[in-house]
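Please examine the sequence and the model shown below.

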Amino acid sequence: MKKQIKLSIAYFMAAILFIAGATSCKKEISGNGNNDTNNSVANAATSSTITVAATAAGAAATGSATDSVVVMHKCEKGERRDSLAAAALPTTVQAYVAANYSGNTFIKAFSVKDTTGTVKGYVVIINFNGKPVALQFKADGTFVKVLEQREKGDMDNKGWHRGGRFEKRNGEKKDTVALSALPSAIRAYFAANYAGDTLTKAFKTCDSGYLVVSKNNGVFATLFNKAGVFVKRVDLPKSNGVLASVAQAALPTNVQNYLSTTYPNYAFDKADSVTVNGVLKGYIVIIDANNTHYAVAFDASGNFVAVKTIW
């Protein structure tokens, strides 16, 4: 049975009201009946939900904020989720979140328990750069995956609709920006500070900023705000060597499987192979999972090596 955590998020919120407690599985039937058997996450018609409301200061605390998403979380029959304080999470979980989502704001966490009360894992929900991120961990605190998000109206379809928050999943890359169309302030910044960079691709972020991928004895992701002002620069993992663009379909099968499992319904941005003296050393894949960008590195055999959260 699939579970979702229904998460109402007001972006750039000033105050948060949480409506949640110990929650057990209850079957919820959708009147829609629309099933997408090809979807990577099973249809949500028979799901349990936990409602967490986030409202801006001064807004009515009704639990039905205008901006909301539903986080998809698989749960076995009879399991339950109990609310946890951030400090009550295993140190391994706290360390992972701090290392990979610097500057995040804690929203909510749950322990997942079976019928005997034994903890089977954890779910942590944070706000990162004004966007919700939900993470699943094993009982020992080992990271499992970034949980997929959907808008409420997309519960029983492909997980996106035109004009929606997750429209990028349609594969049309509507956030891609031609390098020639980058604001003059961004081009001037590279000329003044990273003249040796070769710009390879650019994207529009969900807050109208710009993410520019470039090469210069490595691969870098440089972020600018919507005015073209520099925000930060990230050195992407496993980037030493000669880089060559790789199509998504040409990536090794185990790379594609890892990404689909760890980042359900992600949107592909860019991939490069890394070679040294003509010998393949690995791959770097940049993806968008729920509007947060990640650079995921793999070795030459397609085995996961490292991940870096870009923005």
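This is a predicted model: local features need pLDDT of at least 70, side-chain atom pairs count only at pLDDT 80 or more; totals for chains, interfaces and linings use all residues.

Strand β19, which covers residues 279-289, pairs with β20 in the antiparallel sense, and eight bridges join the two. In general, the strands of a sheet pair through backbone hydrogen bonds, and the pairing may be parallel or antiparallel.

Strands β19 and β20 belong to an open sheet of five strands, whose order is β17-β18-β19-β20-β21 and whose pairing is antiparallel. The edges of this sheet are formed by β17 (242-245) and β21 (304-309), each of which pairs on one side only. From one strand to the next, the twist averages 25°. Helix α3, made up of residues 253-262, packs on the sheet and touches β19, β20 and β21. The direction of α3 makes about 145° with that of β20.

How many aromatic pairs does the model contain? The count comes to 15 aromatic pairs. One of them joins Y101 and Y294: the ring centres are 6.3 Å apart and the planes stand at 80°, so the pair is edge-to-face, a term applied to planes over 60 degrees apart. Y101 lies in the loop between α1 (91-100) and β7 (105-113), whereas Y294 lies in strand β20 (residues 292-299); the pair therefore ties together parts that are 193 residues apart in sequence. Are these two residues buried or exposed? Y101 has a relative accessible area of 1% and is buried. Y294 also counts as buried, because its relative accessibility is 1% and the limit for burial is under 20%.

Another pair is formed by F224 and F230. Their ring centres lie 6.1 Å apart and their planes are at 75°, so this pair is edge-to-face as well. F224 is buried, with a relative accessible area of 1%, whereas F230 is partly exposed, with a relative accessible area of 30%.

F224 and F230 are also members of a cluster, in which ring pairs link them with Y189, F190 and Y194.

Terms used: Residues are numbered from 1 along each chain as its sequence is written. Side-chain values use heavy atoms; hydrogens and water are left out. Rings of Phe, Tyr and Trp (its six-membered ring) pair if their centres lie within 6.5 Å; planes under 30 degrees apart count as stacked, over 60 as edge-to-face and the rest as tilted. Helices (H or I, at least four residues) and strands (E, at least two) are DSSP runs, numbered from the N terminus. Buried means under 20% relative accessible area, exposed over 50%, partly exposed in between (1.4 Å probe, protein chains only). Two strands pair if DSSP finds at least two bridges between them. Axes are lines fitted to C-alpha atoms, for helices over the stretch in contact, and angles run from 0 to 180 degrees between N-to-C directions. Contact means heavy atoms within 4.5 Å.
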